[in-house]
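Hi,

Here is the structure I said I would pass on. Have a look at it first, and my notes follow below.

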Amino acid sequence: MDYKAFVADQIASLKKDVGQGVAINALSGGVDSSVVTVLAHRALGDRLKTVFIDSALMREGEPQRVVKTFADLGIPVRLVDARADFLKALKGLTDPEEKRNAVTKTFYSTVFGRLVRETGAKFLLHGTILTDIEETVAGIKRQHNILSQVGIDPQKEYGYKVLEPLMTLRKDGVREVAKALGLPPEIAQRIPFPGPALATRVVGEVTEERLAVVRVATTIVEEELKDTGAFQYLAVLLNDRATGIVEGKREFGQIIVVRCLHSVDARTATSVDLPWEKLHRICKRVTSIKGVNRCLYDITPKPPATIEYI
Ligand code: XMP
């Protein structure tokens, strides 16, 4: 595929579709939404309003880091603090699909609805890729960014039209487009991070306290595994507890699962044979998080598992 031609075609289509209107997009800093942001900024200039929504579900320092990366590329990004909205919507929920739906609904109706009204945008750009559509249509999972494919009319339900310039590509194709756009390797090669963010890595109720635990574990795992070249690596907080001994006292503590996977496009994945030394170091660091006394390495491939836990 000629990725330079893909870029030129998408820029032309965005210009045509949006006309003199205003478009809005949410940037997460992942390769998909980053590519959409750059394509749309090239097509629309300041008629593109890019926001980063701080959902309380992001990794350590991520909102500020993403805004700075794009400022350095000359693309202004507005940081929107919606932490309270998401935490409120997730309160008390434990079912995976209910949690995903709460994130989707809060994202589109509550937070985006508010921003769309403020900016007057009639177009929403989204980084949906082919794998998202296939898995949603197949009923494997309701992805957070699929609307029309599952029969929701965004114009009718949310008041805007969704444009999805990457919907014919898989992850490897998106990375090629990122390269063709001249994006730096920290964006083009960044490991996937799901739209519902750390909510997919907290089994059971998503609370500020539980997010804080998985966030620290995520930082540790990402630091330790970035040199593996794996497709994706992550930490998950389970809803179970296990007995441990901390400072000579029995503690019914929390359990963190580590995952590190080879994959090409996330449709299938196999676990990486990590060296024991690396696993021991991760275990030591993870179990030094207050309240965590077990660290497990999950070697299950996809299928039968999925990559994320919800
Ligand atoms: P699963 O867990 O289904 O994940 O094996 C496959 C890939 O997709 C990512 N993922 C998501 N990405 N919105 C996204 O943008 C989502 O709702 C979502 N759920 C999972 C996951 O991180 C993996 O790379």
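Of what domain 1 buries against domain 2, Arg59, Leu87 and Lys99 supply 29%, more than any other three residues.

Before going on, a word on the basis: this is a predicted model, where local features need pLDDT of at least 70 and side-chain atom pairs count only at pLDDT 80 or more, while totals for chains, interfaces and linings use all residues. Residues are numbered from 1 along each chain as its sequence is written, and side-chain values use heavy atoms, with hydrogens and water left out.

Domain 1 is 3-188 and domain 2 is 202-297, with bounds from an automatic or database domain assignment. Their centres, taken over C-alpha atoms, are 28 Å apart.

The interface has 1 salt bridge (a side-chain nitrogen of Lys or Arg within 4 Å of a carboxyl oxygen of Asp or Glu). Arg59 and Glu222 form a salt bridge through their side chains, at 2.7 Å from N to O.

I also looked for disulfides (cysteine sulfur atoms within 2.5 Å), and there are 0 in the whole structure.

Cheers

Key. Buried area = accessible area lost by both parts, 1.4 Å probe.
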